[in-house]
Amino acid sequence: MFDDLSRYLSSTSNQELVLTQLLQHIYLSLLPLVIGLALAIPLGWLAHRYRAASGVVFGVSNAVYTVPSLALFVVIPVVLGTQILDSLNVVVALTIYTTALLVRPVCDALDAVPFHVVAAATAMGYRPVRRFVTVELPLSVPVLSAGVRVASVSNISLVSVGALIGTGGLGVLFTSGFQISYTAPIIVGIVLTLVLALVVDLILVGLRRALTPWLRAGGTT
Amino acid sequence: MIEFQAVTKRFDDGTTAVDNLDMVVEAGTITVFVGPSGCGKTTSLRMVNRMIEPTSGTVLVDGEDIRKSNPALLRRRIGYVIQQAGLFPHRTVLDNVATVPLLSGWTRRKARARAAELLETVGLDAAMGKRYPSQLSGGQQQRVGVARALAADPPVLLMDEPFSAVDPVVREGLQDELLRLQADLDKTIVFVTHDIDEAVRIGEKVAVFRKGGVLAQYAAPAELLSNPADDFVSSFVGKDRGYRGLSFLQADGIQLGGVSTMGLHGEHLSGERPSTVGGPDWTLVLDDDGRPRGWLPPGVVIQGEPAEEDLRPGGSLYTEGTALRGALDAALSSPSGLGVVVDDAGRYTGVVTAQQVIDLIEERRKDAA
Ligand SMILES: Nc1ncnc2c1ncn2[C@@H]1O[C@H](COP(=O)(O)OP(=O)(O)OP(=O)(O)O)[C@@H](O)[C@H]1O
Ligand SMILES: [Mg+2]
């Protein structure tokens, strides 16, 4: 098996293929993470701020999340009028998933910001938008980051499914491997997917630490 | 100056939190809102900075209807301190204090310099500026809360039970600190508490609220204690209001007694005894400026100068012209049972007994009846 692997990886064209698909995989999983987070923040805020809205927002996001990913990959081109193989389909589909997945963590994270701190900010003379960006959002990072980590892993694994409809990513190594009953690309694909998920997770943890210096201050209260 | 004109607040669920409030909070005074839980103190306070809008009526700050001001801009001119301090946990102490100056468009450098200055004003070490709020004690957090409220030098300060989350000893320190600050700053302060002791201790005027948001009495503390407007106020100010009332009775009319005294060098100053032999009574030892240093117990024989270990530390001193409560405290805390009375410069002028204070109270009570 190791012979197979080394033979597979020694070919320049295979190396190029793996690298291209890895970069494609990163792009296809992380771009939706960023856009999805950006969409989930206002929606989560809506659910946090207006209890009446929260029922609708959570209902829709739960429903969306139960739609099978493959079905979504197939339906989106019809809705958007894109080519079936367009990688935009994967970006849109995963953005929808990420948004649906993160709405609740965003809402929970905002709920967890102490009420009296927000009230104090208002009393200091903050206007709502600035208060949200400079007080509520930073304070919601500890709770929110857990949700973002789940979403990143979820995205990285879902991108592989996109390969079934030929949109690229490390999943391509699986499909091509199966087609020719050759395990080397499959193993390379699995290992790289795992490593990618791990590295992204480590980066997210580092980011959270950088954004929450006060949590490491070792408080007395 | 803050003026409430026929202010009523009814919440959506029908609760009347404040009922037709008419009152004037004088500029440059500490006015305390006191009353049982749920009587509308916080609601009244928050109508001043538009955190809550009145259902009807008008609130004026310095003669201007606050509805004419933009809420955010109005709030930057009104300091606000709450019970849990409400500090921003994600910002350093220094940046917490710099909040309002930064909002008002100061440069970061100038705002931080101002913040550092304020930390000192409220008695905190400048080095604490680098810490996060979770690294401070409760009392220190409250000080930071006060510093933050003062940062942009607002003429009005609203304080909602600012010291109620800290233990009684720390609280008393914070109250003293506030009184000291106010002597310099001369702000218009509205202070909410449900502790009547705190109210009469720091308030120049006290507004007592009853359930349903009705103002029951608005008066100076002495007036409130000696002349409660009705049964509610009298039961709210409590059974021990006699003792609290001492804070406002003057001691004029008390005949100061004398006691034998001696100087630090053993010289005989007064009284019927030679300086080297302890007499049958307590002897008060004074320093060269005539300030009390301690008591020499009866029967103690000393040669020459009284040594430090011969002296019993005195109790609290009573300064002439201050409230009678201090005279009683001095008498009760003195080892000789004689309260030491001093003048403004701290020089001994005489002694007073607890009995004299009590007699005076009885006398005043008869006069009042
Ligand atoms: N947002 C609100 N909606 C409905 N009722 C409210 C609201 N805020 C306060 N109340 C009611 O208004 C009344 C006055 O409340 P407020 O907070 O002013 O009392 P308080 O005197 O500050 O009490 P405490 O000493 O407990 O802080 C209470 O009966 C309270 O339940
Ligand atoms: Mg209150």
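Visitor: What classes of residues make up the shell around ligand 1?

Guide: In this predicted model, the shell has 7 polar residues, along with 3 charged and 3 nonpolar ones.

Visitor: And which residues are the closest to ligand 1?

Guide: Those are B:Ser37, B:Gly38, B:Lys41, B:Thr42 and B:Thr43, out of 13 residues that surround the ligand.

Visitor: Which element gives the largest share of that shell?

Guide: That would be helix 1 of chain B, residues 41-46, which supplies 3 residues.

Visitor: How far is the polar side-chain atom of B:Thr42 from an oxygen atom of ligand 1?

Guide: The distance there is 2.6 Å. The side chain of B:Lys41 also takes part, with an N or O atom 2.8 Å from a ligand oxygen. B:Cys39 uses its backbone instead: an N or O atom there lies 3.2 Å from an oxygen of ligand 1.

Visitor: New topic: what domains does chain B have?

Guide: The domain assignment gives domain 1, residues 2-248, and domain 2, residues 260-364. Their C-alpha centres lie 41 Å apart.

Visitor: How many helices and strands are in chain B?

Guide: You'll find 13 helices and 16 strands. The C-alpha atoms of the chain fill a box of roughly 80 × 55 × 30 Å along the principal axes.

Visitor: Last one: what share of chain B is buried?

Guide: Of its 369 residues, 51% are buried.

Key: Residues are numbered from 1 along each chain as its sequence is written. Chains are lettered from A and ligands numbered from 1 in the order in which they are written. This is a predicted model: local features need pLDDT of at least 70, side-chain atom pairs count only at pLDDT 80 or more; totals for chains, interfaces and linings use all residues. Side-chain values use heavy atoms; hydrogens and water are left out. A residue is near a molecule or strand if one of its heavy atoms lies within 4 Å of it. A polar contact is a pair of N or O atoms within 3.5 Å; within protein, one must be able to donate a hydrogen and the other to accept it, and residues adjacent in sequence count only if both atoms are side-chain atoms. Helices (H or I, at least four residues) and strands (E, at least two) are DSSP runs, numbered from the N terminus. Ala, Val, Leu, Ile, Met, Phe, Trp, Tyr, Cys and Pro count as nonpolar, Asp, Glu, Lys and Arg as charged, and the others, Gly among them, as polar. Domain bounds come from an automatic or database domain assignment. Buried means under 20% relative accessible area, exposed over 50%, partly exposed in between (1.4 Å probe, protein chains only).
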